Every structure is written in C-alpha cells, then in structure tokens.
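Morning, everyone. Please put the model up on the screen.

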Amino acid sequence: MWVPLCGTLKACLYHNSPETEFICHKEFVTIPKPIHNMKEEFNDIAPYEDSAFQDYMARLVKEPGFENAIKYVMPEADYNDIVKDLLQIKGKDEFQKKIMFGILLLLERMTTSGVTDSGLDNLKPGTSSLFITNHRDIVLDASFLGLAMIRKGLPAQEVALGDNLLIYDWIEDLVRLNKGIIVKRNLRMTKALEAAKQLSAYIHYCIREKQESVWIAQREGRAKDSNDVTQESVIKMLALGGDGENIVERLMELHIIPTSISYEYDPNDYLKAREFLARRRDPEFKKSQRDDLFSMETGILQFKGHVHFAAGKCLNGRLEKLIGNPDKVEIVRKVCAMIDHDIHLGYKIFPLNYIAYDRVENCSRFEDKYTAEDVKGFDDYLNRQLDKVDLPDVTEEEREFMRKSILTMYANPLRNQLAAQEKENS
C-alpha cells in the first residue's frame, strides 16, 4: 500500500492539474504548535520533534498538494483510510519502522538485486556516529542506509538534505517528519557562514545529546563521473561546532565513520552523460529544477542491480595522531584523504566495473573477472541507456563521447580502489 509514497514528488511535479496550483497555500491548514524540548536555534533545520509529530502530520495530510500526489499514484485507494493510518503514527522512529521500512523493502525487491552491507555489525547500540559517504543517488543513498540500520536493530539515522530540493512547503514537512535535516544552500557569504555554524552545531548536538546518528554526503551534489573526493568545505563545516579545543577534538566528538556506497547500475548514468554533452555543446548550460527532480524519480524507480554499503572504522584513532598539529589547512586535507581512502577501499566491484576499466585503459588487465556474456550484457545495457538520451541531432561522435563518459563512471571506482590498495600496501 505504501510503495507509491515514493512517487509523491513525481506525482506532484509531473502531473499538471488544478490541484497543484494550491500546493503552497497554508490558509487551508492549522499551523502546529512550536517545537519543544530542543534548542530553539535549530528549529528551522532539525527534524520535527516527536512531541509535535502528529501536529505536523495533521498539517501534511491536509495539504492539497500531498493529497493530489497520493491520489495520482494510488487512484484506487481511499485517501481517508491513508490519512487514518498516518495520523496514528506518534513519532519519527515509528514512522520509519511502520511506514518507510516497508516502502524500502519493496523498493529493494522491485528495483535492486538486493541491498547488502558490511561493517555495520561493528556498531554498538547506543553509540551515535556521523556516516560520511560517497554520493550516488539523491534519495536512496541515505534511505537504503536507514534500511540497513533498521535491519541491524538500530534506529535509522538522521539525514542532511539540501533545501534546493524542497520546492514546496509540504515537501519540507514530509522530509522533516522523516528525520531530515535541512541544509541551507545558495546563500551569500555572511549568511552561508551562519548557516554552516548552525548546521555544524546541530550535527554535534544530534550525536552528543540526542544520541542520534547522522548521514551526510562527502560533497555537495553527486560526483557525476563517480570520482569520489571529499570536499574540504564539508570538513571545515563539521569542525565549526562542538566543545573541543581544536579542530581535531571537535571532529573526534562526531565519531566519523567513512562509508562506501556501491550501485551495480546507476540508473542516472545516461542523464549524467547527457549533461556532459549538453555542457560540451554549451558551456553555459545549467540543469533545470525539473531535470533534478526527474533524476530523483529515475534513481528511485529504475533498476540498480546489487547495492552495497561498507562501513569503515571510526576515524578517531587516526585523528588523535593529528592533535598538536598547528596547521589547520593540513589537518583538513589529511582528514579528507582519510575519508577518501576508506571509501575507495570499501567499494564493491562488479564485473561491469572491470569491463569499463579495461575499455577506458585499453587493456585486458581484468579479463579474468568477466565473461563474454558479461561483456555482451554490458554493451546491450549501454546502448539501451544511450538510446534514452533526448538531445536533438546527436551525432555518432557525440554518442561515442557519451559512451566514454559512462564507461569512465563505471571505471573510476575501480581506479580509486586500486590506488587506495596500493597506498595501503606501501
């Protein structure tokens, strides 16, 4: 029953109807009571408190946009029955377990060959951590990690999500009811610094006082070529909060766990290749909001093959060795390098990664890792994906450019893992 909730964004944004004109109108609903039991400085970015959960859910189900979305993807369902189910939920963890867990299980069954994990068994109940991961899918990176956490008997983590995706107020409500932390983006310098301090303070508060784990991507936006590198600005932001006397101590308070996410197939690979070609044709090309939302839909609903999470070890043992280093710039670079190293080592490599590597490098180094059937299957897949590109008048040379772009996407995780292994063994 709840699988179509994953399509609410799609329904609202791609189904034009009179109802969608009212999705931002708040005069139809009662504003919930203020958030309690949490520092007021976080009220505009934190997930809604359980004490106010039912008030915000009551507001959400009265939104014409949300109702229109549900009716569009579930035309035979009785919306009143759905509302009754949602209004019985009393808090975020219950929402995760009773609603989202079922959605994610069905998404796993319908769009993957299985979601597996390693390293999460080492997490201790009651210990909160900051999971820093590479970024492949706008929605499912954090969602599937939450699925893995719940399977281990652990509460799903809170999720840092950019406000550029929250185009309607009711979508923000849905995100914050679902353990979402709002990351303010596209601000001027002074406001950006204030927002970074607020976000950092909340993440520290969440882990140390609320005892909730948090997920954040290693960079703003996905790595389009799958060359995963941690942005220094992310580490600098995380070091703004906390009580430690220096950068290292403040980072250690977060119990950072680098985590690798590996998708056998990236449903958005052809969209990324399309973007590369569009920008090659026009260096001033910019994606539209509709492009981003279609990427979200594609990532959620299309086939991904095998998905694997590999949680590394907490960085604290290595961070401790940096205490006393007076060079803040060097510290940030070394922390980024630690995270990158662990993420690269943790990749799960699939036959198509070996095929792509050999193609890009024009070699046969890993020919023992795949069969002729694997090669044919991958080539057929590439052609099907390239056929989806909807740019006008694509030449054979441009199609080959996009093919090489996709091959590079699948080759880079292996390239980075080989480099990390070489460093590990040196």
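Start with Lys 92. This residue is buried, at 5% relative accessible area. Buried means under 20%, exposed means over 50%, and partly exposed lies in between, using a 1.4 Å probe and protein chains only. Before we go on: this is a predicted model, where local features need pLDDT of at least 70, side-chain atom pairs count only at pLDDT 80 or more, and totals for chains, interfaces and linings use all residues. Residues are numbered from 1 along each chain as its sequence is written, and side-chain values use heavy atoms, with hydrogens and water left out.

Which residue does Lys 92 form a salt bridge with? Asp 50, with the closest N and O atoms 3.0 Å apart. A salt bridge here is a side-chain nitrogen of Lys or Arg within 4 Å of a carboxyl oxygen of Asp or Glu. Lys 92 sits in helix 5 and Asp 50 in helix 2, so the pair ties together parts that are 42 residues apart in sequence. Helices are DSSP runs of H or I with at least four residues, strands are runs of E with at least two, and both are numbered from the N terminus. Asp 50 is partly exposed, at 40%.

By this rule, the count is 33 salt bridges. Next, Arg 274 and Asp 390. Their closest N and O atoms are 2.5 Å apart. Arg 274 is in helix 11, and Asp 390 is in the loop between helix 16 and helix 17, 116 residues away. Arg 274 is buried at 19%. Asp 390 is exposed at 56%.

Arg 274 and Asp 390 are among the residues closest to its centre, and 17 residues line it. By class, the lining has 5 nonpolar, 2 polar and 10 charged residues. Ala, Val, Leu, Ile, Met, Phe, Trp, Tyr, Cys and Pro count as nonpolar, Asp, Glu, Lys and Arg as charged, and the others, Gly among them, as polar. Helix 11 gives the largest share of the lining, 5 residues.

How are these spaces found? On a 1 Å grid over the protein atoms alone, a cavity is a set of points where a 1.4 Å probe fits but cannot get out; a pocket is an open set with protein on both sides within 12 Å along at least five of seven lines; lining residues have an atom within 4 Å of a point.
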